[in-house]
Amino acid sequence: MNQQNTAPAAALAAERAGDPLAATDTGATLPVDADLLQLLTPAGVRVETPENATYRERVAHLDADALRGLYRDMVLARRFDDEATSLQRQGELGLFPQALGQEAAQIGSGRALAPQDYVFPSYREHGVAWTRGVDVADILRQFRGIDHGGWDPQAHNFHLYTLVIGSHTLHATGYAMGVQRDGLVGTGDPAKDTAVVTYFGDGATSQGDVSEALVFAAVNESPVVFFCQNNQWAISEPTTKQSRVPIHQRAHGFGIPSLRVDGNDVLACYAATAEALERARSGGGPTFIEAYTYRMGAHTTSDDPTRYRTSEQEELWRRRDPIDRLRLLLEAEGAWDEQRAAALDAEGDALGERLRTFVRGLGRPSTESMFEHVYATEHAVVTAERRWFEEYEASFADDGASRTHDQHGGAR
Amino acid sequence: MSAPTTTPSPATTPAASPGGTSRLTLGKAINEGLRAALDADPKVLLMGEDIGRLGGVFRVTDGLQASFGEDRVVDTPLAESGIVGTAIGLALRGYRPVCEIQFDGFIFPAYDQITTQLAKMHYRSRGRLNLPVVIRVPFGGGIGAVEHHSESPEALFAHTPGLRVVAPSTPQDAYTMIREAIASPDPVLFFEPKGRYWDKGDVVLDGPVADRTLNSAVVVREGTDLTLVAYGPTVPTALKVAAAAAAEGTSIEVVDLRTISPLDTATVVASVRKTGRCVVVHEAATFLGSGAEIAARVTEECFYELESPVLRVGGFHTPYPVAKLEHEYLPSLDRVLDAVDRALAY
């Protein structure tokens, strides 16, 4: 089975044998039978084939301004990632899961959404949060350890992060079943028809809940888009530990149409999501999209990828960077210049400064808040325990210095 | 998975007359409560396996799909995690789903959704999101069933902050409590004593819907010598014990908890302060069961009034046994009387 002593180069070659993007690394275009949609090569060249015409039409309206907007989104999403990672290294955050390398998948899909659509993310969807108007600073509350959420989901139609892998795909499907009952599918009014998108990874596809979500969505023909970011790694486990077939093909058995897109190609991600959303809103039911991408960073700041993957593989994917290729396109089309680059740099610096100030200014939640919102209505056990604890705390009011056994950090 | 087919359906007894008092089985009382909730709020919907055309394996949802349609009485795929997970999504969209788990032993595929998602959403959203989801679970034994069809897992859920856990014992409470559970903004695990589905009682329909029954125990028989604490299927057992003991000159007070989370400690404590003795009866295994919590609280609050240790009668620390042995496993009249005698002999 596994060859333990395979040389890294040979291992990489073996992995690349199943890599649908391998052909494009040498500058060639994808073969027609690649089973993967790409509209923009790593070299920043638009791919124009008869087969991808319908998808090209879906991005045809994206003019230079819109493309610069997508570029700005991706650059600032990455800046957020970098700043949060630094803040963790400085001890300001307990943990942070980077989305580095997945900017195109997240921005491309997120920017295809309508305001009334609803998103159920996993926990690495900082770029999608950005497109939904969530203040990304609020994401850091969770990783600072002061909140399990951090934003108002209903103000942004962007649910809280879900840490139990795949559980939220069922919430998305149920929400979509509610949308159907509200009569907001297939009305023909683009301001009313509503779709739901759920984000998850390659590892999540092994969870039973994801299969159950696909079953419920399929039999109910619910308006939900299953957006799988196949970033090749579930912490240390490669996709070969999750599936024997390309992940999107799993959807076929459920009767759900699917496609695989170059997840580092923001235009392909936008086009595929737009198509799936249109199907959902018009009553055509669910779609499964596999965005073939790469987790360029560690799983989280606690992870060490050098224990399980090669630097050659990481280097290969750096050459497929989602941000570089859009900048190359903008440059080739005369839509980018040094002045714009400098302005975006300054915007990134300002974001970084704001994030640092915000995080360092976050206080400690009140101890009483531990007892708040366990239930929406009064619960006698919580009430009694809260009262007891308040009295216990108050008993030290005149004698605070003598309580030496507890080692609370920060202001109490 | 199948209900005993030779038993008449509890929900197909003659329909109740709205507004008045009707004599209903416990199953039919829940059916009437569900019907009233569906009538009162278009956002209420029922979800579960075989609950639509079939009316549920115990017929508790009998006739409801015919009245309210397939979008409101939903025959779901056979996937418990999917039922609860999609119910959470529906609740986030503003619906009030009432899920039926076909049998107690089949709740565990949904255990993750219930404990990690349903129970915590209000808390992790800092109160921004409510999940008014009810999960109905036929529970308990005594029906001669096969494996996984007779269990009492209520303590597992009562141990989870964020959930309310209740169990009615009478048709009236079954009717009132299902309506109050559906009206609650909190998730409620609604344990139905399946062995008592066919018990009959008078039910006043269309009473007020508050959250009274979800927070309070009730003294169902007054007495002076000993307090029997029970809920769900063991309440009728406790009343039989009290009647038998009365014939021997012992006065037993019976408390029907109705709710396990929260626990109405005050009602239990008031009773035990009066009687000085307490025996807790449930079908679930006694080891780390809800009786242990009650015993601890009674001991803490009634230490000087107690004339004997708090005793527990319940299932053993074995898997639920084969049907031919369940009579020995379940807290029978004799085993409860034995505990009463031991408490009185102290």
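Analyst: What follows is a series of questions and answers, each setting a value against its definition.

User: Before the details, how are residues, chains and ligands numbered, and what confidence cut-offs apply to this model?

Analyst: Residues are numbered from 1 along each chain as its sequence is written, while chains are lettered from A and ligands numbered from 1 in the order in which they are written. The model is predicted, and local features need pLDDT of at least 70, side-chain atom pairs count only at pLDDT 80 or more, and totals for chains, interfaces and linings use all residues.

User: How do you know whether the radius of gyration of chain A agrees with that of a compact globule?

Analyst: The radius of gyration is taken over C-alpha atoms, and the globule rule is 2.2 Å times the number of residues to the power 0.38. For the 412 residues of chain A the rule gives a value near 22 Å, and because the chain has 23 Å, the two agree. The box filled by the C-alpha atoms of chain A, taken along the principal axes, is roughly 80 × 55 × 50 Å. For chain B, with 346 residues, a compact globule would come near 20 Å, and the value of 19 Å agrees; the C-alpha trace of chain B spans about 60 × 50 × 40 Å along its principal axes.

User: Which strands make up the open sheet of chain A with parallel pairing, and in what order?

Analyst: Two strands pair if DSSP finds at least two bridges between them. The open sheet has five strands in the order S1-S2-S3-S7-S6 (chain A), with parallel pairing. Strand S1 (118–120) and strand S6 (258–262) of chain A are its edges because each has a single partner strand, so one side of each lacks a neighbour in the sheet. S1(A) and strand S2 (residues 196–201) of chain A are joined by three bridges in the parallel sense, and Tyr118(A) stands opposite Val196(A) in S2(A).

User: Why is helix H8 of chain A said to pack on the sheet?

Analyst: Residues are in contact if their C-beta atoms, placed from the backbone, lie within 7 Å. Helix H8 (residues 167–181) of chain A touches S1, S2 and strand S3 (224–230) of chain A, and its direction makes about 170° with that of S2(A). Axes here are lines fitted to C-alpha atoms, for helices over the stretch in contact, and angles run from 0 to 180 degrees between N-to-C directions.

User: What is the strand order of the five-stranded open sheet of chain B?

Analyst: The order is S9-S11-S10-S13-S14 (chain B), with mixed pairing, and strand S9 (218–221) and strand S14 (311–315) of chain B are the edge strands, each pairing on one side only. The twist averages 25° from one strand to the next. Strand S10 (residues 226–230) of chain B runs parallel to strand S13 (residues 278–285) of chain B, with four bridges between them.

User: What are the domains of chain B?

Analyst: Domain bounds come from an automatic or database domain assignment, which gives domain 1 (16–204) and domain 2 (218–344) in chain B. The centres of domain 1 and domain 2 of chain B, taken over C-alpha atoms, are separated by 26 Å. Their contact takes 25 residues from domain 1 of chain B and 21 residues from domain 2 of chain B.

User: How many residues does each chain give to the contact between chain A and chain B?

Analyst: Chain B gives 37 residues and chain A gives 34 residues. On the side of chain B that touches chain A, H3(B) gives the most, with nine residues.

Definitions and conventions. Helix = DSSP H or I, 4+ residues; strand = E, 2+ residues; numbered from the N terminus. Contact = placed C-beta atoms within 7 Å.
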